[in-house]
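Thanks for asking me to look this one over.

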Amino acid sequence: MSKVIVGIHEVSTITNIPVRKLRYWEEKGIIQAVDPTAKSRQFNLANIKKIILVQELLDDGYSLDGAARKVEDRIAKLDSLMSLIEI
(Lines give C-alpha, C1' and ligand atoms only; values in the text may rest on other atoms or scores of the structure.)
Protein backbone atom coordinates (compact mmCIF):
# COMPACT_ATOMS: atom_id res chain seq x y z
CA MET A 1 0.00 0.00 0.00
CA SER A 2 2.91 2.38 0.58
CA LYS A 3 3.61 2.28 -3.14
CA VAL A 4 0.16 3.59 -4.07
CA ILE A 5 0.75 6.89 -5.90
CA VAL A 6 -2.14 8.91 -7.33
CA GLY A 7 -2.12 12.06 -9.45
CA ILE A 8 -3.73 15.23 -8.13
CA HIS A 9 -6.66 15.07 -10.54
CA GLU A 10 -7.45 11.50 -9.47
CA VAL A 11 -7.14 12.53 -5.81
CA SER A 12 -9.60 15.33 -6.52
CA THR A 13 -12.04 12.85 -8.06
CA ILE A 14 -11.62 10.33 -5.23
CA THR A 15 -12.03 12.88 -2.44
CA ASN A 16 -14.41 15.29 -4.20
CA ILE A 17 -12.06 18.14 -3.28
CA PRO A 18 -11.14 20.65 -6.01
CA VAL A 19 -7.58 20.53 -7.37
CA ARG A 20 -7.06 24.19 -6.44
CA LYS A 21 -7.91 23.44 -2.80
CA LEU A 22 -5.47 20.51 -2.78
CA ARG A 23 -2.74 22.75 -4.18
CA TYR A 24 -3.49 25.33 -1.50
CA TRP A 25 -3.23 22.68 1.22
CA GLU A 26 0.10 21.63 -0.24
CA GLU A 27 1.32 25.26 -0.25
CA LYS A 28 0.37 25.49 3.45
CA GLY A 29 2.30 22.27 4.21
CA ILE A 30 -0.77 20.27 5.22
CA ILE A 31 -0.14 17.63 2.56
CA GLN A 32 3.04 16.80 0.66
CA ALA A 33 3.42 15.60 -2.92
CA VAL A 34 5.60 12.56 -3.42
CA ASP A 35 8.02 14.67 -5.48
CA PRO A 36 7.44 18.40 -4.90
CA THR A 37 9.73 19.30 -7.80
CA ALA A 38 7.75 17.26 -10.34
CA LYS A 39 5.54 19.08 -12.81
CA SER A 40 2.55 16.87 -12.00
CA ARG A 41 1.59 16.53 -8.35
CA GLN A 42 1.23 12.98 -7.06
CA PHE A 43 0.23 11.85 -3.60
CA ASN A 44 0.68 8.63 -1.66
CA LEU A 45 -2.00 6.77 0.27
CA ALA A 46 -1.01 8.37 3.58
CA ASN A 47 -1.65 11.85 2.15
CA ILE A 48 -4.96 10.75 0.64
CA LYS A 49 -6.08 9.54 4.06
CA LYS A 50 -4.94 12.83 5.54
CA ILE A 51 -6.90 14.77 2.92
CA ILE A 52 -10.06 12.86 3.73
CA LEU A 53 -9.63 13.36 7.49
CA VAL A 54 -8.95 17.09 7.14
CA GLN A 55 -12.02 17.53 4.94
CA GLU A 56 -14.20 15.64 7.45
CA LEU A 57 -13.06 17.99 10.22
CA LEU A 58 -13.66 21.02 8.01
CA ASP A 59 -17.18 19.70 7.40
CA ASP A 60 -17.59 19.47 11.20
CA GLY A 61 -16.73 23.16 11.57
CA TYR A 62 -13.00 23.17 12.28
CA SER A 63 -10.77 25.81 10.72
CA LEU A 64 -8.21 24.53 8.22
CA ASP A 65 -5.34 25.06 10.67
CA GLY A 66 -7.30 23.42 13.50
CA ALA A 67 -8.24 20.44 11.34
CA ALA A 68 -4.65 20.01 10.14
CA ARG A 69 -3.34 20.15 13.73
CA LYS A 70 -5.90 17.61 14.93
CA VAL A 71 -5.05 15.21 12.10
CA GLU A 72 -1.32 15.57 12.79
CA ASP A 73 -1.95 14.84 16.49
CA ARG A 74 -3.94 11.72 15.59
CA ILE A 75 -1.22 10.51 13.23
CA ALA A 76 1.46 11.10 15.89
CA LYS A 77 -0.55 9.13 18.46
CA LEU A 78 -1.06 6.25 16.03
CA ASP A 79 2.63 6.25 15.06
CA SER A 80 3.58 6.20 18.74
CA LEU A 81 1.23 3.29 19.41
CA MET A 82 2.54 1.39 16.39
CA SER A 83 6.12 1.83 17.57
CA LEU A 84 5.18 0.25 20.91
CA ILE A 85 3.56 -2.72 19.18
CA GLU A 86 6.40 -3.40 16.73
CA ILE A 87 8.98 -5.91 17.82
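**Notes on the fold and helix packing**

1. Starting from the N terminus, the elements of the chain follow the order β-α-α-β-α-α. That gives 4 helices and 2 strands in the chain. Please keep in mind that this is a predicted model.

2. For overall dimensions, the C-alpha trace spans about 40 × 35 × 20 Å along its principal axes. Of the 87 residues in the chain, 31% are buried. Among contacts with a separation of 6 or more, 45% join residues 24 or more positions apart.

3. Helix α1 covers residues 8-15 and helix α2 covers residues 19-27; their axes come within 9 Å and cross at roughly 110 degrees. An angle from 65 to 115 degrees counts as roughly perpendicular, so α1 is roughly perpendicular to α2. The crossing of these two helices is right-handed.

4. Which residues of α1 and α2 meet? On the α1 side they are Ile 8, His 9, Val 11 and Ser 12, and on the α2 side Val 19, Leu 22 and Arg 23. Sorted by class, this contact has 4 nonpolar, 2 polar and 1 charged residues.

5. Helix α3 (residues 45-59) passes a simple length check. With 15 residues at 1.5 Å a residue, α3 should span 21 Å, and its end C-alpha atoms are 21 Å apart, so the two values agree. Just after α3, Gly 61 has a positive phi of about 105 degrees.

6. Which residues of α3 are buried? They are Asn 47, Ile 48, Lys 50, Ile 51, Val 54, Gln 55 and Leu 57. What do these buried residues pack against? Their partners are β1 (5-7), α1, α2, β2 (42-44) and α4 (64-85).

7. The axes of α3 and α4 come within 9 Å and cross at roughly 130 degrees. That angle makes α3 oblique to α4. The crossing of α3 with α4 is right-handed.

8. From α3, the contact with α4 uses Lys 50, Leu 53, Val 54, Leu 57 and Leu 58. From α4, the residues are Leu 64, Ala 67, Ala 68, Lys 70, Val 71, Glu 72, Arg 74 and Ile 75. By class, the contact of α3 with α4 has 9 nonpolar, no polar and 4 charged residues.

Conventions
Residues are numbered from 1 along each chain as its sequence is written. This is a predicted model: local features need pLDDT of at least 70, side-chain atom pairs count only at pLDDT 80 or more; totals for chains, interfaces and linings use all residues. Side-chain values use heavy atoms; hydrogens and water are left out. Axes are lines fitted to C-alpha atoms, for helices over the stretch in contact, and angles run from 0 to 180 degrees between N-to-C directions. Angles under 35 degrees count as roughly parallel, over 145 as roughly antiparallel, 65 to 115 as roughly perpendicular and the rest as oblique. A crossing is left-handed if the near helix is turned anticlockwise from the far one by less than a right angle, and right-handed if clockwise. Contact means heavy atoms within 4.5 Å. Ala, Val, Leu, Ile, Met, Phe, Trp, Tyr, Cys and Pro count as nonpolar, Asp, Glu, Lys and Arg as charged, and the others, Gly among them, as polar. The expected span of a helix is 1.5 Å times one less than its number of residues. Buried means under 20% relative accessible area, exposed over 50%, partly exposed in between (1.4 Å probe, protein chains only).
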